[in-house]
Amino acid sequence: TGGFTITGDGSYLYNLGGTLSIFDNQGTFSRTTSVGIATLDVSVLHSGVASVTQGTLALAESGTYSAPIAVTSPGVVDYSGVTHTFQSLGGASGTGQVRWLSGTLATTAATDTARFVSLELVGGSISPIGVVRVTGTLNWSGVTALGGGGKTLVPLGGTLNLTGTATRQLNNHTLENGGTATWSGTFTLNSGSGAILRNLATGGFTITGDGSYLYNLGGAVSSFDNLGTLVRSTSVGIAQVSAQLSKTGPISVTSGTLRFTGGSGAALTGTAIASTGTLDFNAGTFTQTGPVDLTGNMLVSGGSWIPSGFRLTTTADLTISGGGLLPMTVATDSVDINGNATFGGGNGTLTNGVIRVAGNFTQTGTTSFRGQGGATRHRVVLDGAGTQVVTWADPVNSFFEILQYQKPAATQVQFAGN
């Protein structure tokens, strides 16, 4: 039945030893008036009504929260210290700022008992066994580690911002975006133990910075699970993903390079990839489980792309370079290249299927198209509307198993310097 209001910038501290001191709010608590900082450096038990409308409330030790705190701008709540445990829909509502500075966010149930409208991750760790739900804006700007086996969710209508330069980690945790996500930071996100960065079907995920999402902490392989739309834009540098790429929705690369080095997981099918930048499959094995359509350029610079009996179509250029491979062993393997085809890379097995090229064909390495031996049925079809040029780096030892012309009248195929 009590009402407790803090209008000044006082501090309630546990500093005399013995059992940890407690602030137990079962009634109505308010932080008002002053624009400074009021500090509760004790264990906070909150099951009543609480509001912060002015200044900062610093929860600087630990706490157990079974009810939300209403934070109205310009009010601020800062969590720090040891462990803050959320149960029965604890968290923070309202338009004010909520910052996680240090300590651990914990939950007691597998449901979404920790709910926030806004949350900024600066330090400490988010380690729920259930779900931390942020319905407004989640800013991950600092070294906060996400772990604990649970999930951090930004649903449809929410905003996820990944900013800054400080290295951080996603370990045994799922970060899920169903709203609008922007990765503008240049930081490295280390991951392991089955961590998942998931863009839901309702989500838009844009990478504008040159960050890296790496699987390097051991345990089960981490993954980037894209069910929505993934866009790489703005920067002309390289954004890298070494976690496993799975369940691929539309990908658009409009600037710079988006590089995948972790191979594919459950599915690479139906993918629409628009690329005016560079989409680079640099390491790992990427296996199709259905047709894949690309609007733009594709580079396989070190990985292995396996059609696995399906069609790969690109409206522009396909380049195999470095240690890249394009093995084709199934009769229904089909690679349709509406631009230029450049083959360096390794000697990917070409024993079946067909490569159709509308532009020029160029061999830049001396290990591709060296013949596979035996009774092989691999075909290359040249069907461009204009003159096409075929250039071999090693014309003495390299050859097509079957070459088919399927061109309009009065158009040519030229073998340059061969």
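The points below cover the salt bridges, the cavities and one surface patch of a predicted model.

1. Basis. In this predicted model, local features need pLDDT of at least 70 and side-chain atom pairs count only at pLDDT 80 or more, while totals for chains, interfaces and linings use all residues. Residues are numbered from 1 along each chain as its sequence is written, and side-chain values use heavy atoms, with hydrogens and water left out.

2. Salt bridges. The count comes to 12, a salt bridge being a side-chain nitrogen of Lys or Arg within 4 Å of a carboxyl oxygen of Asp or Glu.

3. Asp225 and Arg198. Their side chains form a salt bridge at 3.1 Å, N to O. The pair links distant parts of the chain, 27 residues apart: Asp225 is in strand E29 (residues 223-226) and Arg198 in strand E26 (residues 196-199). Strands here are DSSP runs of at least two residues, numbered from the N terminus. Both Asp225 and Arg198 are buried; buried means under 20% relative accessible area, exposed over 50%, and partly exposed in between (1.4 Å probe, protein chains only).

4. Asp383 and Arg356. The closest N and O atoms of this salt bridge are 3.0 Å apart. Asp383 lies in the loop between strand E45 (379-382) and strand E46 (388-391), and Arg356 in strand E43 (residues 354-357), so the pair ties together parts that are 27 residues apart in sequence. Asp383 counts as buried because its relative accessible area is 19%, and Arg356 is buried at 18% relative accessibility. Shared partners join the salt bridges of Lys151, Glu176, Arg198 and Asp225 into one network.

5. Arg115 and Asp112. This salt bridge has its closest N and O atoms 3.0 Å apart. Arg115 is partly exposed, at 37% relative accessibility, whereas Asp112 is buried, at 13%.

6. Cavities. The structure holds four cavities of 30 Å³ or more. A cavity is a set of points, on a 1 Å grid over the protein atoms alone, where a 1.4 Å probe fits but cannot get out; lining residues have an atom within 4 Å of a point. The largest has a volume of about 80 Å³, and its lining includes Phe23, Leu40, His46 and Tyr65. Strands E3 (22-25), E6 (43-46) and E8 (56-59) each give two or more residues to that lining, which divides into nine nonpolar, two polar and no charged residues.

7. Surface patch. Leu403, Tyr405 and Phe415 form a nonpolar patch with about 280 Å² of accessible area together. Patch residues have over 30% relative accessible area and no salt bridge, with nonpolar side chains joined within 5 Å; areas come from the Shrake-Rupley method with a 1.4 Å probe. Phe415, in strand E48 (residues 413-415), is partly exposed at 37% relative accessibility.

Definitions and conventions
Patch = residues over 30% accessible without salt bridge, like charges linked within 9 Å, V, L, I, M, F, W, Y side chains within 5 Å. Helix = DSSP H or I, 4+ residues; strand = E, 2+ residues; numbered from the N terminus. 1 Å grid on protein atoms, 1.4 Å probe; cavity = no way out; pocket = protein on both sides within 12 Å on 5 of 7 lines; lining within 4 Å. Points joined across faces, edges and corners; volume = space filled by probe spheres on them. Nonpolar A, V, L, I, M, F, W, Y, C, P; charged D, E, K, R; others polar.
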